[in-house]
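Please look over the sequence and the three-dimensional structure shown below before reading on.

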Amino acid sequence: MFLTRHLGPGGWWFLLAIAAVAVAVPYCNLVLPPAHPFHANSYIVSLLGKYLTYALLALAVDLIWGFCGILSLGHGAFFALGGYAMGMYLMRQIGDRGVYANPLLPDFMVFLNWTELPWYWWGFSSFPYAMLMVLLVPGALAFVFGWFAFRSRVTGVYLSIITQAVTYALLLAFFRNDMGFGGNNGLTDFKDILGYPLQAGSTRAALFAASAIALALGFLIARAVTGSKLGKVLVAIRDAESRTRFLGYRVEHYKLFVFTLSAMMAGVAGALYVPQVGIINPGEFSPANSIEIVIWVAVGGRGTLVGAVVGAGLVNYGKTVFTTAMPELWLFALGALFIAVTLFLPRGVLGALGDYVEWMRRQKPDPLAHIEAQRQARREEAESTEHFLALAAQARAEREAAPAE
Amino acid sequence: MTRPAPRPGNASDSILYLDGVTVSFDGFRALNALSLLIAPGELRAIIGPNGAGKTTMMDVITGKTKPDTGEIFFEGAIDLKAHDEAAIAQLGIGRKFQKPTVFENHTVRDNLELALAGKRGPFATLFHRLSAEDADRIDQLLGIIGLAKSAESPAGGLSHGQKQWLEIGMLLAQEPKLLLVDEPAAGMTDAETAATSELLKAIARDHSVVVVEHDMAFVRDLDCRVTVLHEGSVLAEGTLDQVSAEPRVVEVYLGR
């Protein structure tokens, strides 16, 4: 199958691990009695579910940064847009159960004395439509942004700064009440999703499982992309962009494809995040959020996909622990972590782990093995030169044998 | 044996035709009304002192730099000024850079696979499967450039000379009609240089090749028509012996 053809044993193990988590956490929450030592309360389920959506977001960033060298410092914007699309659906689900009991308008619109639903809210009472928007809105923004940025060959730091500016502009825009997205407070007080109450344990467990499935799907898609020839072109662009162009590849088309795909993945992550945390507000657009995603990926090891997931889990676990114990120190710890990873683990946790395994393997057999390897390499190089000279002699002989013109 | 000199002619019977091409950077004229004609199947060496405009000429042909004035035609009828790098590469002009530029994190085999002629769009590559013929072609190229044993190792670990050959192999994989080769012998040992000139001559049997080079021994070895560039235009053209005898060429090379 197309999605699994580049998966490899490591990929299958990783999927198996996600599947195990998807089953185990709801089991520990719903089946095991509260007194059981392995019982997971609903706070834990929501927290881990949130981590899963962050992992999917990190995967999206790794896809563009790790494999194509596009450092987006505004990917939180796509996450937030997906979240808002889901939030709008959840708002419409409230119906007349709001504080003002208005059957037509969400509470915040009643409060602003609006009399009718703005056109961009139309259709959001339909779940399939809302899900379509979860993909299309971030995808369309990424496509339009990428179309201009990549065609104009904006790269490197300049591109990063522009992505940061985009998310900041959206932050300011969504803060405004007359944008029609609840302004400062955002969208909240959700009641149910597809008719199931959001507070119910079974709904939370289902959302958790959905997040795990989305992460697994995202991983499958990302692996299929990076393992294909397209993935090789992406790495080629990352390492030598102009060389790739001189081979006849339209670099801007490749970047546009992967950037749009990544934005859609981020949108799905945001859509799953919102029902689990119960709120979406403009704060999700804040530039600091987007920078944090990049740190997750750097910590885990960029260009590895699995590393992005590991990094998102590790850093967010650290954040949860830190912000309950010493909240004022968290940002310092995050900064220190980023510096430490850049200095000591440039390839992240996963890269360092791979290096260690490689080192252990080399340590075992023969202390002189690397010398022998060097010798072998030198011998091969000499052989290839000899091969060349033989080729040269042959070509010369052929030419001399040919009748003179 | 010297190759037959191209008939003086117009764009229609040439593979590459430059007429009055001028490029200025901040008032400095890198190319000054440069005119050049390469016949189909020709092997041509371009020499000239530093700053003569050799690399700028390559940039103009491959679409990296747009000329201020002048005409550039490929195969007589295709106006290269109207195309960008990727389009020009797809038209059949391959370029080898002075500094070997290979994809260091990819294996030697993947480098060749990426260069291999074929569809270049994102969706074509996403669903691409390597055909048996393509795999054979890669093996054949690995044999030609003498890197069969290193096929599965990252290109970043190759020696300088091996990278040069890999890049030549990538150029061949593109199946271009015209090859532009920038200083292929730079940094090579004498044995490698000799091998490289034989390789280029073998390639020139069924391709048009333009070689930019500093190394006179190498140019002599190529045994082909030579164009001398100076200050962005053609100073002299002919066999190496003819151009070496030109007083103006001697003056430029030895200083006045």
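**Briefing on the two chains**

In the hairpin formed by β1(B) and β2(B), where two residues lie between the strands, B:Asp26 takes a positive phi near 50 degrees. The model is predicted, and local features need pLDDT of at least 70, side-chain atom pairs count only at pLDDT 80 or more, while totals for chains, interfaces and linings use all residues. Residues are numbered from 1 along each chain as its sequence is written, and chains are lettered from A and ligands numbered from 1 in the order in which they are written. Helices (H or I, at least four residues) and strands (E, at least two) are DSSP runs, numbered from the N terminus.

- Strands of a sheet pair through backbone hydrogen bonds, either parallel or antiparallel; here two strands are said to pair if DSSP finds at least two bridges between them.
- Strand β1(B), residues 16–25, and strand β2(B), residues 28–38, pair in the antiparallel sense over seven bridges, and B:Val21 stands opposite B:Leu34 in β2(B).
- β1(B) also pairs in the antiparallel sense with strand β4(B), residues 69–74, over five bridges, where B:Asp19 has B:Glu71 as its bridge partner.

**The six-stranded sheet of chain B**

- A second open sheet, of six strands with mixed pairing, has the order β6-β7-β8-β3-β9-β10 in chain B.
- Because β6 (93–96) and β10 (233–238) of chain B stand at the edges, each with a single partner strand, one side of each is left without a neighbour in the sheet.
- Strand β9(B), residues 225–230, runs antiparallel to β10(B) and is joined to β10(B) by five bridges, with B:Val226 opposite B:Gly238.

**Helices**

- Helix α1(A), residues 8–30, has 23 residues and reaches 34 Å from its first C-alpha to its last, close to the 33 Å expected at 1.5 Å a residue, the expected span being 1.5 Å times one less than the number of residues.
- In α1(A), the buried residues are A:Phe14, A:Ala22, A:Val25, A:Pro26 and A:Asn29, where buried means that 20 or more other C-beta atoms, placed from the backbone, lie within 10 Å of the residue's own.
- In chain B, helix α3 (residues 108–115) and helix α6 (residues 160–173) pack at an angle of about 30 degrees, with their axes 7 Å apart.

**Where chain A meets chain B**

- The contact takes 32 residues from chain A and 35 residues from chain B, two residues being in contact if their C-beta atoms, placed from the backbone, lie within 7 Å.
- On the side of chain A that touches chain B, α15(A) gives the most, with eleven residues.
- The residues of that side of chain A divide into 17 nonpolar, six polar and nine charged; Ala, Val, Leu, Ile, Met, Phe, Trp, Tyr, Cys and Pro count as nonpolar, Asp, Glu, Lys and Arg as charged, and the others, Gly among them, as polar.

Terms used: Buried ≥ 20, exposed ≤ 12 C-beta atoms within 10 Å, placed from the backbone. Axes fitted to C-alpha atoms, helices over the stretch in contact; angles between N-to-C directions.
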